[in-house]
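Trainee: I'd like to learn how to read a protein model. Could you walk me through one?

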Amino acid sequence: MTCPHCVKAIKTTISALPGIKKVDANLKKKSVSLVFDSTQSSLEKIKSEIAGLGYQVVA
Ligand SMILES: [Cu+2]
């Protein structure tokens with residue numbers, strides 16, 4: 001994640017997933033914080049979506 005476009009791409013993609021309540025991507029920290037309903041989505045699913053955008057999920 002290196003520019004504001006990446007932040008927007010991640011937020012848009014993740015927001016579109018079911019059960020996602022809040023997404024915040026921080027460029028400086030290179031981190032994404034999430035609030036989601038675990039009955040509708042899973043962390044694994046979200047991670048794979050982020051990976052699908054071409055970003056490596058480290059934690
Ligand atoms: Cu970028």
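This is a predicted model: local features need pLDDT of at least 70, side-chain atom pairs count only at pLDDT 80 or more; totals for chains, interfaces and linings use all residues.

Trainee: In what order do the elements run from the N terminus?

Mentor: Going from the N terminus, the order is α-β-β-α. The radius of gyration of the chain is 11 Å, close to the 10 Å that the globule rule gives for 59 residues, so the chain is as compact as a globular protein of that length. Its C-alpha atoms fill a box of roughly 30 × 20 × 15 Å along the principal axes.

Trainee: How much of the chain is buried?

Mentor: To judge that, count C-beta atoms: a residue with 20 or more others within 10 Å is buried. Here, buried residues make up 10% of the 59. Helix α2, residues 43–52, is hardly covered, with one buried residue among its 10.

Trainee: Which residues make up the largest nonpolar core?

Mentor: Five residues do: I14, V23, A25, V32 and I46. Take I46 and skip residues up to four places away in sequence: I46 then touches I14, L17, L34 and S41.

Trainee: Can we look at a helix residue next? Where does K11 lie, and what does it contact?

Mentor: First, the general idea: an α-helix has 3.6 residues a turn, so residues three or four places apart point the same way. K11 lies in helix α1, residues 4–15. Setting aside neighbours within four places in sequence, K11 is in contact with V23 and A25.

Trainee: Why is K11 called partly exposed?

Mentor: Because K11 has 15 other C-beta atoms within 10 Å, while buried takes 20 or more and exposed means 12 or fewer.

Trainee: And how far is K11 from Q40 in sequence and in space?

Mentor: They are 29 residues apart in sequence, and 18 Å apart in space from C-alpha to C-alpha. For the chain's contacts between residues at least 6 apart in sequence, 30% join residues at least 24 apart.

Trainee: What about backbone angles? What is the phi of K30?

Mentor: The general idea is that most residues other than glycine have a negative phi. K30 has a positive phi of about 55°, although it is not a glycine. Look for K30 in the loop between β1 (20–26) and β2 (31–36). K30 is partly exposed, because 13 other C-beta atoms lie within 10 Å.

Trainee: Which residue with a positive phi follows α2?

Mentor: That's G54, with a phi near 100°.

Definitions and conventions:
Residues are numbered from 1 along each chain as its sequence is written. A nonpolar core is a set of buried Ala, Val, Leu, Ile, Met, Phe, Trp, Tyr and Cys residues joined through C-beta atoms within 7 Å. Two residues are in contact if their C-beta atoms, placed from the backbone, lie within 7 Å. Helices (H or I, at least four residues) and strands (E, at least two) are DSSP runs, numbered from the N terminus. The radius of gyration is taken over C-alpha atoms; the globule rule is 2.2 Å times the number of residues to the power 0.38.
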